[in-house]
Amino acid sequence: MNITYRNNSDDSLYFLKVSQKVNDFPIILRGGIIEKNEVNNKLIKYGNYSKSQYLVRLGASPYYLNAWEVISDSIDPNKEHEIAIINDELADTYASLYNNYSDSINKIKIDYSASEITPEEILNKLKDKFVFVEPGEIYTDTYNLIGFKLLKGCYTFSVEPNSFLDYVNTSFFGGNNQMKYIYRKTTLPKVAGKYTLYTGKFNTNKITITF
């Protein structure tokens, strides 16, 4: 599946990606803390969701780790809900196909640090977290959906309407004993090099795929 960004404005723009990936595989939200996966790719047993319909939620995250969430189409995604077990099965499936999948995700930190949120760091160290497009330019990310194909089912992929954020969450040790994390919203620079931060409305579409 391709996620394509098109700049229809007259300005050079940058913004957070609505999705991250590992070796072209999507990062899937787990029901618990992501830990090293011990799946043996010779023993993996795939579930069968051929009669199920799901929504796959994509959207830019203020956290460094940005994952897809798969939920039943009967659930209101805006209300509190448990993470469906299919998310863990998808993550396990991808881990069985790519030996370094879980290890690679475990190496991804959760939060940004405030010192990273500068134009220089965004253009260099953090450039894979953002899209940079000049007027009329197109940028495309490709995702391998083999995990969904193996589990079967009907999936509607959609981008959350509030996806273009103007901030990220940063963390640091603080408090009276300096031994706990304190989180705060850190505003993204309005300009990074020749690119202006974009946080306005955008046009998008949904795609439904049945395996």
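What percentage of the 211 residues in the chain is buried? The figure is 43%, with buried defined as under 20% relative accessible area, using a 1.4 Å probe and protein chains only.

Some ground rules. This is a predicted model, where local features need pLDDT of at least 70, side-chain atom pairs count only at pLDDT 80 or more, and totals for chains, interfaces and linings use all residues. Residues are numbered from 1 along each chain as its sequence is written, and side-chain values use heavy atoms, leaving out hydrogens and water.

Confidence next. pLDDT is the predictor's confidence in each residue, from 0 to 100. The chain average is 86. At least 70 is reached by 88% of the residues. Residues 33–43 stay under 50. For that stretch the model has 16 contacts beyond four places in sequence, a contact being heavy atoms within 4.5 Å.

Now the fold. We have four helices and 14 strands. These are DSSP runs: H or I for helices, at least four residues; E for strands, at least two. Of the contacts with a separation of 6 or more, 76% join residues 24 or more positions apart.

On to the rings. There are 20 aromatic pairs, meaning Phe, Tyr or Trp rings (six-membered ring for Trp) with centres within 6.5 Å. One aromatic cluster includes Tyr49, Trp68, Phe148 and Phe211.

Last, charges over rings: NZ of Lys or CZ of Arg within 6 Å of the ring centre and within 35 degrees of the ring normal. Lys129 sits over Tyr64, 4.2 Å from the ring centre. Lys185 lies over the face of Tyr167, at 4.7 Å.

Technical notes
Buried means under 20% relative accessible area, exposed over 50%, partly exposed in between (1.4 Å probe, protein chains only). Rings of Phe, Tyr and Trp (its six-membered ring) pair if their centres lie within 6.5 Å; planes under 30 degrees apart count as stacked, over 60 as edge-to-face and the rest as tilted.
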